[in-house]
Amino acid sequence: MTASLPRAATASSPLPWREKLAYGVADMGFNFYWTNVATFLLIFYTDSFGISAAAAATMMSAIKIVNAFTDPLIGAAADRTSTRFGKFRPWLVWMCVPLAGAAVLTYTTPNLEGDAKLAWAYGTYLLMMVCYTCVNIPYNALSGVMSADPQQRSTINGLRFIFAFAGSTLVTAATPDLVRWLGAGDDRRGWQLTMLAWAVAASLLFVVTFAGTRERIAPPPGQRNAVWRDVRDLAGNRPWMVLFFLALIIMVTITLRTASAAYYFKYVVGRPDLMRTFVPTYMVCAAVGAALTPLLTRWGDKKTLMIVLMSATAVLSAAFYVVPPDQVWLMFVLQGGLGLVLGPKSPLAFSMYADTADYNEWRTGRRATAMTFAAATFSQKLGTAVAVAVIGSVFTALGYVPNAVQASGSREGIVWLMSFIPAVFATLAVAVMCCYNLNGGQLARIQADLASRKPAP
């Protein structure tokens, strides 16, 4: 098969399991990077690299915002790539080594001081995030051109997030020990070598995905390639606009709790060792939730499921506020519950992005799959920037001091970052999702109409 085979010939056929697995494993590799950044990078900068929480939060937020604007550019470039291997798959092998190198530099502490050291942090983190985008945007778009069947899309995205959560579990469980073991008493060297190990493993997984997948859906013949038209199409695509804001809000919700967890167990609970099992508990339960996604989509439509899941997220997050610091078992119960309800969120959302790409082609006669996913990750990165900015603002306002006993106000702020603040954002996500207007019946009609437009094989 090649990337240019007609939609009617292959795009609606069931995908072989070996191809589904080959697609999914790359998301484990992405989480070797993403989970390290989301869970450990802020505390690496404050407690090992040696910059203040305010400087680190400002830097990370600024880079996320700048990097967010590179997403549409890379999406446009991927949509216009033309090779015998397809549009999106080649990026996985072209950029895996530059990404690995940039990640190692990000977790390297140079012998610099003051502004020079901060400049190193800005430069290396930006380089890593741009390289990450160059691999991740085409990978996301690949799920939209492997199959035209919405149920198949739900299945492959459910599977990829099982691998994603497995990767996150490995990172959160193993990284603290790897840092100690590889550093042999030098945490700075430990972080550098730990990131090198994760980067090599991720690169191998990206190659597996390149070799084991195929692209089956191509843009309509004769489609014009003006980037401004892609942007205009998305701006007029109501379902996509809803998902854009939904992704931003959900990313704020998740990042607030993920980035605050290390501080919570270090300064509120007094048990930093629990991080090695707390976040993995979420990841294991999220993997179970992701695995259930294809079954859930048979029970209800994606919009209803997303509303129910985010409502449950709000309730469980708010409940965290009343947990006493010595009730560790209850923290883990709530964390597992959050994993179960948020696990299906990602496969549902990425399947819906692919649906909006079909909707856009049906409505305009043009297809821009990578741009559709790129603009979605644009909103996710803005959401991460907002979350990190909130954390930095709270810490600065309440007098956070690294590696010291925290004042009562600082401790209370950390608890709010784990409970009520993410609960508010989860409630906002429910309100946004109510505006989504694509349902199963409409998608079936769109697929039938698109198939009828294609030339016979």
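The structure is a predicted model, in which local features need pLDDT of at least 70 and side-chain atom pairs count only at pLDDT 80 or more, while totals for chains, interfaces and linings use all residues. Residues are numbered from 1 along each chain as its sequence is written, and side-chain values use heavy atoms, with hydrogens and water left out.

Rolling a probe the size of a water molecule over the atoms shows where empty space is left. On a 1 Å grid over the protein atoms alone, a cavity is a set of points where a 1.4 Å probe fits but cannot get out; a pocket is an open set with protein on both sides within 12 Å along at least five of seven lines; and lining residues have an atom within 4 Å of a point. Grid points are joined across faces, edges and corners, and a volume is the space filled by probe spheres set on the points. Three cavities of 30 Å³ or more were found in a search of the whole structure.

The largest cavity holds about 730 Å³ of space. It is lined by 46 residues, and those closest to its centre are Asn31, Trp34, Met251, Lys345 and Gln380. Two or more lining residues come from each of helix H2 (17–49), helix H3 (53–79), helix H6 (114–142), helix H7 (150–183), helix H10 (238–268), H11, helix H15 (345–364) and helix H16 (369–398). Helices here are DSSP runs (H or I, at least four residues), numbered from the N terminus. In this lining, 27 residues are nonpolar, 13 polar and six charged; the nonpolar class holds Ala, Val, Leu, Ile, Met, Phe, Trp, Tyr, Cys and Pro, the charged class Asp, Glu, Lys and Arg, and the polar class the others, Gly among them.

Eight of the residues lining the second largest cavity are nonpolar, five polar and one charged.

The largest pocket has a volume of about 470 Å³. Among its 17 lining residues, Ile43, Pro176, Arg180, Trp191 and Pro272 lie nearest the centre. Helix H2 gives the most to the lining of this pocket, with five residues. The pocket lining divides into nine nonpolar, two polar and six charged residues.

The structure holds eight salt bridges, each a side-chain nitrogen of Lys or Arg within 4 Å of a carboxyl oxygen of Asp or Glu. Arg153 pairs with Asp355, with 3.5 Å between the closest N and O atoms. This pair links distant parts of the chain, since Arg153 in helix H7 and Asp355 in helix H15 are 202 residues apart. Asp355 also forms a salt bridge with Lys302, the closest N and O atoms being 2.7 Å apart. Because Asp355 lies in helix H15 and Lys302 in helix H13, the pair ties together parts that are 53 residues apart in sequence. Asp355 is buried, with a relative accessible area of 1%, and Lys302 is buried at 13%. Salt bridges that share partners join Arg153, Lys302, Asp355 and Asp358 into one network. Buried means under 20% relative accessible area, exposed over 50%, and partly exposed in between (1.4 Å probe, protein chains only).

A few single residues complete the picture. Met283 lies in helix H11 and is buried, with a relative accessible area of 8%. Its C-alpha atom is 8.1 Å from that of Gly343, although Met283 and Gly343 are 60 residues apart in sequence. Trp362, in helix H15, counts as partly exposed at 30% relative accessibility. Ala184 lies in the loop between H7 and helix H8 (187–212) and counts as exposed at 69%. Most residues other than glycine have a negative phi, whereas the phi of Ala184 is positive, near 50°.
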